[in-house]
Amino acid sequence: MDALTASIPLLVFVVVGTIAVASSILVVAMRNPVNSALFLLLTFLCVAVLFVMEGAEFVGAVQVLVYAGGIMVLFLFVVMLINVRALPDDRILSPYWTGGAVVGAAVFVLLVALVRPGVYHEQNDNPLALRSTTVNARHRVVQPDGTTVRKRYTRQQVVGNSEAIGMALYRDYLVPFEVASLFLLVAMVGAILIGKRELGIDDEDVDPQYIVDRVAEEKEMKEAMSA
Amino acid sequence: MTWADTLLLLPELIAATGASILLIVPVLGGRARGHMAKWAMLALMAVTALAVIGSTYAVAGVQQTPTFRAMFAVDAFSVFFKLLFVVVIALVTLLSEDFLSEERYSTWEYYSLLAFALCGMMFMASGVSLITIYIGLELLALSSYILAGYYKNHEESTEAAMKYFILGTVSSAILLYGISLIYGVCGSMRLSTIAAALSTMLSNDALMFGIMLLAAGLCFKIAAVPFHVWTPDVYVGAPTPISAFLSTGSKAAAFAVFARVFYVAFPAFHLDWSNVLAAIAALSMIVGNLAAITQTNVKRMLAYSSISHAGYSLLGIIAMNEMGLRGILIYTMVYVFANLGIWATILMLRRHAYAGESVEDFRGLHKRAPFAAFSMVVFLLSLGGIPPTAGFIGKYFLFAAAVQAGFGWLAIVAVVMSAVSMFYYLRLVVAMYLEEGSGAETIYSPSLRFVTALSLTVTLVVGFIPELPIRQVIESSSHLVGRVVQR
């Protein structure tokens, strides 16, 4: 019985991990984009379970809220707005796919052979360490001659999971975190630049043909959506 | 973290703020004044350059000041590269001027993306933690993908951006996986902590695999064989000033990272990784130069030539000695200016469809534009490494470093391949001076003239009086080399 209880985490990991890998393969294998999106949702949920198993409850919760919740809804919105009805019958497969599969399998074998037996830095046995941060503090020291001196020291403070992540993001990794925000800004600018209709500098508002086209387009879209 | 630490971030903050302002201007009514964007961008570059120079005073007398929990450091090495980046972006701005005015794409967003790319490059040069380096590299890469596809109504530009994006993201994933393995082995992403952890470690397969993946990701960015396939297509398809940027600024930033990571973090395993990199360097030099010979498209030829130059520069990392690091710095600088000068000449010929792209367009150029033809010869000689141009100084450092480190065979390959490269460089010279013909018409704007003149000055000054730049390079790199000697 004890052996069974001990192996439950492993069992859960194997089952959930298998589902995650299988559904992520199905994401790219599905013909219908809606099915792909739903399998992506399943992948996100499985990864969230894996996060919780590793003791990262906050990341798991964020995974469900942000990815499975927000981003998936956006994906589905876009998929349904684009409204892909007529899918081509024949599968489009690169003629080199066998080569790709061989390389993929080779890399997998390489990973199993090299990564598994690697020597890694010692794991922290203390589970509280996952939830603790280093805190800079000061305290007064009364010196023998009567004057007080403030001394700085660092100590480990046990806090919650989300607090530890907040501390890591906004103190230890402040610079990369802020650069990541620039990165997202550039991604947004790029998406708008690529997505927007390129018009001349002057005729954006005044070109009558543009407005006629635009109205016709909107009408078409509404009909497509109501159909 | 104090306010003084924040001041060290000033150049990056200015670049990021300036880039954001450039984004807002068209909304506030600047859309109609597209020609103003160039001046705004040049002003931003001037302020950034001043901030970079100012940050050196903040760290005067200190070798390195890691701040923000050892994520970011300002040192002579980063200042050298940041100044190089600012100059490159300013010159690319000048190269873009006429090119942009021919098309109807917005100029403000274009320059804004260039400034964001600069910001990413500066974080790459200053990053002393793998995570800062990675995110800086991604910022640069994302801006480059968008810029490569900026001419979205041109099929080639879109195709180039798509290829670059897909291959680039795969290589980033490989790089990130390498970083995660290194973190797993060493328990830290700080370069100095990694070095300390590795110095007590015996060989470790997972670590070696991590280092190899990291090297593969970086080799993609510098376009070394066998990670080079994207280069010719992207250089030909992207808007020409962006090709100039990708072959100079983007590569210089990747070399800054390559040098810092391998010199600071991995000297302990030098014997293990140097042979792999030596094979990559040899392949890059051989494949790049031999493929360049058969090209008739000048942009494609320059792409293969830039692949071979990645191979030469790798010698400095493989050698892992003082000479090698100095060689990387000086060669990067020399290569950047010679290349920018050549791209300026191509842009001069570029009017009306595809002019400036085939060797025939260069026929009889010395009659139509004697100054451009002469400076082109100097740049080509510099790329070939012929004295008294700057390229000779750079190649001398790199080859001598390789010999010093016991990689004599690699130095021989490099010398032979430099001779081969002269063949296709001289083909352009022959076309310009000896062949008669109409060629393409030339429009030599003051901006292009300025870029050519500046590049020519640098190439000749470094070639004729190398003492000054060499002293500067020694100052900029000695604190990284010191660690190697201590070991």
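A crossing of two helices is left-handed if the near helix is turned anticlockwise from the far one by less than a right angle, and right-handed if clockwise; in this predicted model, the crossing of α6(A) and α6(B) is left-handed. Local features need pLDDT of at least 70 and side-chain atom pairs count only at pLDDT 80 or more, while totals for chains, interfaces and linings use all residues. Residues are numbered from 1 along each chain as its sequence is written, chains are lettered from A in the order in which they are written, and side-chain values use heavy atoms, without hydrogens and water.

**Helix packing**
- Helix α6 of chain A (residues 174–195) packs against helix α6 of chain B (residues 107–126) at an angle of about 155°, with the axes 11 Å apart.
- This makes α6(A) roughly antiparallel to α6(B), a term for angles over 145 degrees on a scale from 0 to 180 degrees between N-to-C directions.
- The contact (heavy atoms within 4.5 Å) involves residues including Val175(A), Leu182(A) and Val189(A) of α6(A), and Leu113(B), Phe116(B) and Phe123(B) of α6(B).
- The residues of this helix contact comprise 11 nonpolar, no polar and 1 charged.

**Chain interface**
- Chain A contributes 32 residues and chain B 41 residues to the contact between them.
- About 3,300 Å² is buried between chain A and chain B, 75% of it from carbon and sulfur atoms, where buried area is the accessible area (1.4 Å probe) lost on being put together, summed over both parts.
- Val175(A), Phe183(A) and Val186(A) supply 17% of the area that chain A buries against chain B, more than any other three residues.

**Salt bridge**
- Between chain A and chain B the count is 1 salt bridge, defined as a side-chain nitrogen of Lys or Arg within 4 Å of a carboxyl oxygen of Asp or Glu.
- Arg69(B) and Asp172(A) meet through their side chains in a salt bridge, at 2.9 Å from N to O.

Definitions and conventions: Helices (H or I, at least four residues) and strands (E, at least two) are DSSP runs, numbered from the N terminus. Angles under 35 degrees count as roughly parallel, over 145 as roughly antiparallel, 65 to 115 as roughly perpendicular and the rest as oblique. Ala, Val, Leu, Ile, Met, Phe, Trp, Tyr, Cys and Pro count as nonpolar, Asp, Glu, Lys and Arg as charged, and the others, Gly among them, as polar. Buried area is the accessible area (1.4 Å probe) that two parts lose on being put together, summed over both.
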